[in-house]
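Hi there,

I'm passing on the structure we talked about, with some notes on what turned up. Please have a look and see whether you read it the way I do.

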Amino acid sequence: MPHRPSAPHPHAPARPTGTTRPRTGRSRRLGLIGVGLAAALAWSAAVPGAAAPAPAGASATPDTSAAAPQTADSPTAVLFEDDFDGPSGSAVNGSRWQIETGDNVNNHERQWYTPGNDNAALDGNGNLVITARKENPGNYQCWYGRCEYTSARLNTSGKFTTTYGHVEARVKVPRGQGMWPAFWMLGDDIGQVGWPASGEIDVMENVGFEPSTVHGTLHGPGYSGSGGIGAAYTLPGGQQFADAFHTFAVDWSPNRITWSVDGNAFQTRTPADLGGRDWVFDKPFFLILNLAVGGYWPGDPDGSTAFPQQLVVDYVRVTGGEGGGSGASGQITGLAGKCVDVANAGTADGTPIQLHDCNGNAAQNWTIGTDGTVRALGKCLDVASGGTADGTKVQLWTCNGSAAQQWVVSDANDIVNPQANKCLDVTDNNSANGTRLQIWTCGGTANQKWNTPA
């Protein structure tokens with residue numbers, strides 16, 4: 001993480017006028033979050049390579065199956081989902097989200113978070129748009145005087161919490177000095193234990209002066225604020241996050257959290273990273289989306305900052321699978337010590353999956369998802385056309401939640417597709433580079449045994 005002042009903290013609750021109260025041991029104020037929020041939130045303060053060759057003559061097998069609907073019996077359980085469908089200008093679904101209101105002295109942010117659909121509204125095209133404006137139509141009074149900006153912050157406290165799973169949002173961030181969008185989570189016990197003992201998981205934070213970089217961070221007792229444990233992810237080639245939608249996610253399982261951007265895992269944290277300090281991430285957390293303006297970390301807007309700015313959210317989804325993986329990322333090795341590899345590091349739907357010498361490139365970096373998926377290069381390991389017959393080839397395909405993309409890693413080192421009840425298999429027990437992988441009736445043979453990331 002970049003340097004942040006030690007006292008302030010990247011996230012803190014909105015403070016309605018007249019509800020400030022002192023916080024023991026800190027020279028700052030902290031008040032109730034929002035209108036109608038549970039009292040439990042009153043004391044929150046949160047910070048938030050070279051490609052392997054394809055086999056000769058190999059061709060992609062088109063996938064003709066549609067994404068399977070999610071039911072109680074589906075391999076992947078959708079625990080929470082909002083696609084933000086609805087009429088243009090309407091507010092978010094109140095059964096899923098609540099809106100926080102007020103300002104934020106703790107980080108010296110400049111905005112007033114407004115209620116209803118004033119600054120958080122659906123666009124009629126399946127997106128939530130959180131808009132930061134340079135305005136003050138309500139004569140709002142902030143910690144520094146008359147507020148200069150408005151924006152919005154919403155959370156699922158009292159509506160939805162989760163312990164573990166694959167938590168993701170597809171988002172297009174704003175741009176400009178002083179902009180500070182975030183997708184993050186707080187421990188649901190914050191009202192009982194306070195922050196930072198509650199824990200905080202920052203799935204994504206971006207500050208405007210770093211247009212190509214996002215941050216993922218953990219905060220807890222003894223590692224909060226500027227001392228949070230995290231890492232940054234930077235887009236290649238000077239690309240900027242504000243130019244397009246990107247998917248930000250964590251795979252969260254007992255004693256392990258892995259962050260990814262567009263399916264590319266960039267850090268994993270476990271209790272071993274905390275130097276003996278408490279790991280406080282094995283309990284329920286709720287979700288938060290917000291767009292802050294200014295503050296200690298991003299700095300305030302300046303003459304180069306154009307308004308309005310928008311944080312556009314395509315969807316937020318939390319899933320958990322029956323066999324839910326560890327969330328770990330790395331190589332999957334099998335027959336002859338060779339690696340499961342995406343041919344030519346291709347990202348097109350239908351790209352063959354093959355065996356190849358291990359070389360450490362991204363085409364061999366797999367995440368064993370907590371939602372039952374096995375992912376590389378931002379896409380999923382997929383059984384072609386949802387087939388269940390012996391010899392059906394596997395491929396890379398856009399993740400769609402179907403049973404063709406569900407896998408369970410067994411204690412016997414099999415990787416099993418439950419829909420077919422068959423194992424990931426090296427065709428003809430052939431250890432040559434470029435040999436296609438397929439599904440086959442599980443037989444306990446060496447060409448069906450895999451070492452997965454721990």
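Which pattern do the disulfides of the chain follow, with bonded cysteines counted along the chain? They follow 1-2, 3-4, 5-6, 7-8.

First, some housekeeping. This is a predicted model, in which local features need pLDDT of at least 70 and side-chain atom pairs count only at pLDDT 80 or more, while totals for chains, interfaces and linings use all residues. Residues are numbered from 1 along each chain as its sequence is written, and side-chain values use heavy atoms, with hydrogens and water left out.

**Disulfides**

A search of the whole structure finds four disulfides (pairs of cysteine sulfur atoms within 2.5 Å). Here are three of them.

- C142 and C147 are joined with an S to S distance of 1.9 Å. The torsion about their S-S bond is about 110 degrees, so this disulfide is right-handed. Both cysteines are buried (buried means under 20% relative accessible area, exposed over 50%, partly exposed in between, with a 1.4 Å probe and protein chains only).
- C339 and C358 have their sulfur atoms 2.1 Å apart, and a torsion of about 100 degrees makes the disulfide right-handed. The pair links distant parts of the chain, 19 residues apart: C339 sits in strand β21 (339-342), and C358 in the loop between β22 (351-356) and β23 (366-368). Strands here are DSSP runs of E, at least two residues long, numbered from the N terminus. C339 is buried at 0% relative accessibility, whereas C358 is partly exposed at 33%.
- C380 and C399 also form a disulfide, with sulfur atoms 2.1 Å apart. C380 is buried, with a relative accessible area of 1%, and C399 is partly exposed at 35%.

**The largest pocket**

The largest pocket holds about 580 Å³ of space. A pocket is an open set of points on a 1 Å grid over the protein atoms alone, where a 1.4 Å probe fits, with protein on both sides within 12 Å along at least five of seven lines; lining residues have an atom within 4 Å of a point. The volume is the space filled by probe spheres set on the points, which are joined across faces, edges and corners.

Of the 29 lining residues, H166, E168, Y315, R317 and C399 are the closest to the centre of the pocket. Strands β1 (76-82), β10 (165-172), β15 (246-253) and β19 (309-321) each supply at least two residues of the lining.

Best wishes

How values were computed:
Helix = DSSP H or I, 4+ residues; strand = E, 2+ residues; numbered from the N terminus.
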